[in-house]
Amino acid sequence: MSAMMVFMAAKAEYDALPPDAPRDALHEKHARTALDFALAHRGVYIKAGQFIASLQGGAGERAIPSAYVRTLQKLTDDAPTVPLADVAAVFEADVGSIASTFQFEFVDEQPIAAGSLAQVHRARVDDVIGRRDVAVKIQFPGLDAQVAADLEALRMMAAMMTTDVGWLLDDITRHITTELDFRIEAQNARAAKR
C-alpha cells in the first residue's frame, strides 16, 4: 500500500506537466524518493533499484530517466545490513537441518556484505573436512510473503506507466526467484570451483 501511495503521488506530478515541459527536476526528486523508499522497505525494492542502476543508459532516457539510474546506483554498493539477531531465526532454520554436518565455532555478528535479499557473515566450522573459515549467506526474514506482495505492487505500478517497463519487471521477477533459492547458488559455486 505504501509503495502504491508513493507511486501515485509521483504519477500525479508527472501527469500534471504539459507534454513538452522539462522533467529533470521531477526526475531528480522522485529518484531520491525511490531510493529512500527502497532503503526503508528493502527486499524487492532494493533489487528493482539495483536493476535500474545497472541499465546505465542502455534503455535510453525515455525508458528510464538517467536521474533514476544515477541515484539508485547507491543500492549496488551500499545495501543496508540487519543485525545477526534479526536474521537468527532464518539462520537457525536453514542451518538446523545440516547441523550434524557443520559445527559452527562462531558466526561473526557484523555482516561483511549485504544485498537486496540476504547478507553474508564470516564464520568458522569444524567438521569432517577440518576446521576452516567460511562465508555464511543468510536471507532476510519474512521474504517469502514480502516478495510476492511487492512483485504484485510493482506489476500494478508498471501497468499504470506510460512507458512499457514490463521487460524490466520480468527480469526482476526471474532474478529474484533464482536468487531466493540458495541451492541454485550452491550449484553455481560448485560449477565455478570446477
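The structure holds 11 salt bridges, a salt bridge being a side-chain nitrogen of Lys or Arg within 4 Å of a carboxyl oxygen of Asp or Glu. The model is predicted: local features need pLDDT of at least 70, side-chain atom pairs count only at pLDDT 80 or more, and totals for chains, interfaces and linings use all residues. Residues are numbered from 1 along each chain as its sequence is written, and side-chain values use heavy atoms, with hydrogens and water left out.

The protein contains 10 helices and four strands. Helices (H or I, at least four residues) and strands (E, at least two) are DSSP runs, numbered from the N terminus. Their order from the N terminus is α-α-α-α-α-α-α-β-β-β-β-α-α-α. Along the principal axes, the C-alpha atoms fill a box of roughly 70 × 35 × 25 Å.

Of the 194 residues, 37% count as buried. Buried means under 20% relative accessible area, exposed means over 50%, and partly exposed lies in between (1.4 Å probe, protein chains only). The protein exposes about 11,400 Å². Carbon and sulfur atoms supply 56% of that area. Accessible areas come from the Shrake-Rupley method with a 1.4 Å probe; for residues, only the protein chains shown count as cover. Among contacts with a separation of 6 or more, 59% come from residues 24 or more positions apart. Contact here means heavy atoms within 4.5 Å.

The protein carries 20 positive and 27 negative charges. Lys and Arg count as positive and Asp and Glu as negative, while His and the chain ends are not counted.

Lys-11 bonds to Asp-15 in a salt bridge, with the closest N and O atoms 2.8 Å apart. Asp-36 is partly exposed at 36% relative accessibility. Arg-32 is also partly exposed, at 43%.

A further salt bridge joins the side chains of Glu-105 and Arg-131 (2.8 Å, N to O). Glu-105 lies in strand β1 (residues 104–107) and Arg-131 in strand β4 (residues 130–139), so the pair ties together parts that are 26 residues apart in sequence. Glu-105 is partly exposed, with a relative accessible area of 39%. Arg-131 is exposed, at 57%.

Strand β4 also pairs with strand β3 (residues 118–127). The pairing is antiparallel and runs over 10 bridges. Two strands pair if DSSP finds at least two bridges between them. A hairpin of two residues connects β3 to β4. His-121 stands opposite Val-136 in β4. In a regular strand the side chains alternate between the two faces of the sheet.

Arg-42 has a positive phi, near 55°, and is not a glycine. Most residues other than glycine have a negative phi. Arg-42 is placed in the loop between α2 and α3 (43–54). Its relative accessible area is 26%, so Arg-42 counts as partly exposed.

Key: The place of a charge is taken as NZ of Lys, CZ of Arg, CG of Asp or CD of Glu.
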